[in-house]
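Me: I have a model open and would like to learn how to read its features. Could you walk me through some of them?

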Amino acid sequence: MISSLLLMLVLIIGVILFVPPVRRALISNHMLKIFRKILPQVSQTEQEALDAGTVWWDGELFSGRPNWNKLLTYPKPKLSAEEKAFLAGPVEQLCAMLDEWRITRELYDLPPHVWQFIKDNGFFGMIIPRQYGGHGFSALAHSEVVMKISSRSGTAAVSVMVPNSLGPAELLLQYGTEEQKNHYLPRLAKGLEVPCFALTGPDAGSDAGAIPDTGIVCHGEFNGDEHVLGIRINWEKRYITLGPVATLLGLAFKLHDPDGLLGDEKDLGITLALIPTSTPGISIGRRHFPLDAAFQNGPNSGKDVFIPMEWVIGGLEGVGSGWRMLMNCLAVGRSISLPATSTGAAKLAARTTGAYGRVRVQFKMPIGRFEGVEEALARIGGNTYMMDAARIMTAGAVDLGEKPSVISAIVKYHLTERGRQAINDAMDVHGGKGICLGPSNYLGRNYQHIPVSITVEGANILTRNMIIFGQGAIRCHPYLLKEIQAANDADAVRASVQFDRAFSGHVAFTLGNGLRTLLHGLTGGTLAIAPGSEGPETQRYYSQLMRFSAAFAFLADISLLILGGTLKRKERISARLGDILSMLYLCSATLKRYKDDGRPAADLPLLHWAMQDALYRMQQAFEGLLDNFPGSVVAGRALRFMIFPWSKPFSPPSDKLGHEVAKLMLSPGEARDRLTAGIYLPASADEPLGILEQALQCAMVCDAVEAKLRAAVKTGRIPAQGDERIEAALKQRVITASELELMGEMKSLRRRVIMVDDFPPDFDGASVIVPEAAPAQSTA
């Protein structure tokens with residue numbers, strides 16, 4: 001009797017769960033009503049942002065069990081022969097022409113011959129296909145070019161990157177009419193047009209939906225014809241890069257059609273147009289001056305500017321589609337430019353700080369061997385390794401045809417923040433050498449300008465707190481977007497069927513990830529599957545990322561279940577979930593880089609530091625979320641037990657590991673070259689970086705001589721200090737005449753490295769006294 005009742009109960013439950021019509025009637029339709037009540041209101045601009053771009057590896061990370069073999073079989077991004085030639089030719093030549101001190105202190109602009117070189121060599125047309133006269137370069141090549149230039153001059157890097165990022169060329173390629181493409185793209189590729197794009201205004205920064213700039217559909221006079229269908233626009237914009245020198249203005253505005261000239265709809269939405277800056281009514285304002293940066297940036301406005309309808313990007317079909325266009329293009333552009341400039345700055349910091357740490361001597365020891373300095377060097381090296389990995393993998397995704405909107409937000413935020421950390425650490429190590437501006441200072445302008453990259457293309461606070469997870473949760477989740485679409489479907493029958501499929505899948509997905517989270521927590525992740533092709537040095541990382549991916553997916557679903565629509569306003573919860581997703585992506589990129597590079601053993605300290613730091617940060621993000629989890633204390637404790645049942649398994653990278661990273665950065669070698677590959681290294685030995693590299697090479701050769709001197713001092717054969725020590729060493733035949741000459745060269749080079757620029761009391765920015773190269777007291 002009891003067995004029959006149990007069998008019947010199982011059958012009833014089975015029918016309810018696995019027979020869709022019954023499940024819909026008893027469960028899903030009721031959940032659909034609840035879901036519609038808690039679903040947050042989504043504005044049109046938010047919906048278009050959610051619809052923008054594509055889901056790539058971020059979707060795997062959201063699955064709770066990423067397919068590592070899929071990641072590792074993606075082809076390694078590579079440059080073509082033509083792209084390599086461009087980097088070795090025009091880009092190298094451009095960098096040699098640049099003097100950032102003169103640009104930022106005397107000229108406040110690129111010199112005219114540099115502007116002409118940029119235009120003549122097609123730097124504005126890197127993304128424009130060859131059929132229109134451009135280079136048609138890959139995203140990786142675009143990234144490499146910007147990174148190399150940024151290691152020499154931020155002014156030039158910004159001037160080159162903007163026309164190839166979110167701007168007229170990208171918008172025309174994706175959405176322009178054939179007439180617009182054929183007219184403007186060849187002119188942009190040849191530098192006959194200088195483009196800019198005007199989106200931000202005084203009253204509408206991050207809140208693009210609040211754009212006050214308006215266009216009214218009307219008839220007006222154009223080229224002698226008084227009855228042309230067009231738009232009369234009024235606007236005020238600011239922070240527009242290349243705005244002061246642009247000849248072609250891309251403009252975003254809200255379009256209204258009060259007289260119904262285009263149809264019944266009155267408010268047509270955000271629209272984009274291309275307008276020559278010579279058009280009557282346009283006012284190009286005076287320049288902004290962002291933190292001593294000299295790239296052209298400024299406001300512009302328009303008063304009753306009439307344009308024909310043909311100037312709307314995409315023509316009539318483009319009317320009202322502006323925000324969708326911007327979001328799709330931003331998904332690509334934000335993946336390339338700022339990650340490239342930030343990585344360039346970090347690589348420069350790594351190369352110079354390692355060399356300076358070896359050359360600069362205090363207390364008779366290179367400062368790079370002090371443990372406090374080692375800590376900073378380790379951060380610079382580990383962050384730079386991970387940044388470059390993420391830069392390359394993301395550019396590779398774009399070259400595969402992806403428009404990774406969520407990933408673009410991840411790399412924009414985290415690479416600019418890590419770039420800031422690298423520059424800050426480099427400044428700390430350089431001390432007075434870093435803070436005294438002048439022609440010899442290779443770090444100061446980067447330090448000044450880094451907040452610019454933090455601020456633009458989505459301010460970092462906004463990106464972290466609202467975009468990465470806020471957009472990622474809906475875009476990357478395998479079921480959530482389907483549930484939202486079903487809930488917004490006006491067809492009741494279709495909505496019921498679609499919601500039931502998504503909801504039932506969502507329940508199974510959440511339960512599966514919950515069980516995996518508990519299992520991985522109890523076993524320390526040892527049962528998580530790692531790719532068999534990888535060696536023992538990385539196996540544990542793959543397993544732990546699998547563990548954290550399941551925990552992230554489960555915790556994200558629980559947060560959405562408890563908070564519903566209010567999660568949109570719980571920015572700190574959203575930010576911590578975004579941090580976890582971001583670390584999962586950065587770790588994935590780092591492991592793929594190590595594999596793509598051929599698993600060089602010399603790079604293992606960098607790999608281990610980067611991975612251990614990121615895993616610890618991920619753990620801290622989980623902790624912060626659980627400590628502040630909304631609802632009952634019991635729920636928070638239960639979740640904590642599932643994720644960390646025994647203890648928190650990760651610690652920051654050890655001092656020993658940090659020492660290994662610092663050691664790698666203090667000495668010339670293949671690992672150091674790989675870490676800093678792609679930056680500009682001057683050919684001239686008289687340039688500050690050239691002097692520094694010479695000094696590093698000389699210091700390495702002098703190591704053996706220094707060892708002899710220390711041994712002789714220890715045995716009492718020569719004095720411990722002063723110039724007489726060197727003379728005594730030569731007399732006692734501790735060193736040879738050639739070694740004495742080498743020590744003199746080292747002394748001179750060290751002097752040139754540590755000296756800083758000085759100026760007269762009435763310094764006006766033009767008069768510079770070059771640091772003297774004459775030797776001072778011996779530091780040998």
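Predicted model: local features only at pLDDT ≥ 70, side-chain atom pairs only at ≥ 80, totals over all residues.

Me: Let's begin with the strands. In which sense do β2 and β3 pair, parallel or antiparallel?

Reply: The general idea is to look for bridges, since two strands count as paired once DSSP finds at least two between them. Here β2 (residues 214–222) and β3 (residues 225–241) are antiparallel, with eight bridges. As an example to click on, Ile216 has Arg232 in β3 as its bridge partner.

Me: Which strand do nine bridges join to β3?

Reply: That is β7 (residues 297–308), and this pair also runs antiparallel.

Me: What does phi look like at Asn223, in the hairpin of β2 and β3?

Reply: The hairpin has two residues between its strands, and Asn223 takes a positive phi near 55 degrees. Two loop residues are worth a look as well. Lys364, not a glycine, has a positive phi of about 65 degrees, and its place is the loop between β8 (361–362) and β9 (365–366). Arg733, likewise a residue other than glycine, has phi near 60 degrees; find it in the loop between α28 (723–731) and α29 (737–754).

Me: Are Lys364 and Arg733 buried or exposed?

Reply: The cut-off for exposed is over 50% relative accessible area. Lys364 reaches 64%, so it counts as exposed. Arg733 is at 75%, so it is exposed too.

Me: And Val332, is that buried or exposed?

Reply: Buried means under 20%. Val332 sits in helix α13 (residues 322–359), and its relative accessibility is 14%, so it counts as buried. To see some of its surroundings, leave out residues up to four places away in sequence: Val332 then touches Glu170, Val398 and Lys403.

Me: Finally, which residues form a nonpolar patch on the surface?

Reply: Leu261, Leu262 and Leu316 do, and together they have about 240 Å² of accessible area. Take Leu262 as the one to inspect: it lies in the loop between β4 (248–256) and β5 (267–276). Its relative accessible area is 30%, so Leu262 is classed as partly exposed, the class between the buried and exposed cut-offs.

Methods:
Residues numbered from 1 in each chain as written. Heavy atoms only, no water. Patch = residues over 30% accessible without salt bridge, like charges linked within 9 Å, V, L, I, M, F, W, Y side chains within 5 Å. Areas by Shrake-Rupley, 256 points an atom, 1.4 Å probe, with all protein chains shown as cover. Salt bridge = Lys/Arg side-chain N within 4 Å of Asp/Glu carboxyl O. Helix = DSSP H or I, 4+ residues; strand = E, 2+ residues; numbered from the N terminus. Buried < 20%, exposed > 50% of the residue type's maximum accessible area, 1.4 Å probe, protein only. Contact = heavy atoms within 4.5 Å.
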